[in-house]
Amino acid sequence: HIGSLAEVTRNYAVSLALQEQGHNSQLIVFSDNKDGLRKVPAGLPRSLSKYLGYPVTDVPDPFKCHSSYGDHMVFLLLDALDKCGVQYTLMSGAEAYEKGLLRGEIEILLGNPQRIGRIVEEETGQEKYEDVLPYFALCSSCGRIYTTKAYEFLPEERKVLYVCEGMEIRGRWLEGCG
């Protein structure tokens with residue numbers, strides 16, 4: 001999951017160390033471009049606030065040079081990695097989800113909600129997954145991701161039932177569409 005240049009280069013250093021020890025290692029830079037916009041970053045137009053909760057791949061690029069805000073930010077990081085000589089394979093979250101590459105992992109999480117909820121609470125202190133599934137559905141009506149509350153998984157149908165009721169994000173309530 002990409003973040004800062006330092007975060008990726010630390011992982012690249014681990015990959016190189018493994019290779020030097022004779023292990024097969026490859027750095028995969030995972031762009032979670034289905035992640036929702038949680039705040040408008042400093043220096044960007046406040047008009048982007050109407051896109052809070054939408055996947056960054058669905059937010060327009062305020063600089064108008066890429067297809068989305070998410071693509072713009074990924075480009076900046078990948079450009080820096082290229083200039084530093086970091087060797088990586090890019091994986092787009094949107095493409096991975098669309099192709100079903102993570103379906104098995106997602107079904108494991110959805111099929112074990114109590115266990116996952118306990119692990120999340122033990123590791124982070126957050127109790128949010130004790131009553132809801134550890135999954136943010138993309139609302140088919142409004143297109144937001146953080147406003148949904150997944151409450152049931154139907155494994156035979158491979159469906160997640162959810163309600164788009166809203167959520168607090170960084171101290172601000174983001175209303176769902178119902």
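1. Searching the whole structure turns up 0 disulfides, a disulfide being a pair of cysteine sulfur atoms within 2.5 Å. Please keep in mind that this is a predicted model, where local features need pLDDT of at least 70, side-chain atom pairs count only at pLDDT 80 or more, and totals for chains, interfaces and linings use all residues. Residues are numbered from 1 along each chain as its sequence is written, and side-chain values use heavy atoms, with hydrogens and water left out.

2. Which cysteine sulfur is closest to that of C164? It belongs to C142, and at 3.7 Å the two sulfurs are too far apart for a bond. C164 is also buried, with a relative accessible area of 3%; buried means under 20%, exposed over 50%, and partly exposed in between (1.4 Å probe, protein chains only).

3. Is C177 buried or partly exposed? With 43% relative accessibility, C177 counts as partly exposed.

4. Now for the overall fold. The protein has 5 helices and 6 strands, taken as DSSP runs numbered from the N terminus (helices are H or I, at least four residues; strands are E, at least two). Along the sequence they are arranged as α-β-α-β-α-α-α-β-β-β-β.

5. As for dimensions, the C-alpha trace spans about 50 × 40 × 30 Å along its principal axes. Of the 178 residues, 35% count as buried. Taking contacts (heavy atoms within 4.5 Å) between residues at least 6 apart in sequence, 43% join residues at least 24 apart.

6. Helix 1 covers residues 5-20, 16 residues in total. From first C-alpha to last it reaches 22 Å, close to the 22 Å expected at 1.5 Å a residue; the expected span is 1.5 Å times one less than the number of residues.

7. What are the buried residues of helix 1? They are V8, Y12 and S15. Because they cover an arc of only 60° around the axis, they lie on the same side of helix 1; the arc is that of the directions from the helix axis to the C-beta atoms. These buried residues pack against strand 1 (28-31) and helix 2 (69-84).

8. The face of helix 1 turned away from its buried side carries the exposed residues R10 and E20. Just after helix 1, G22 adopts a positive phi of about 90°.
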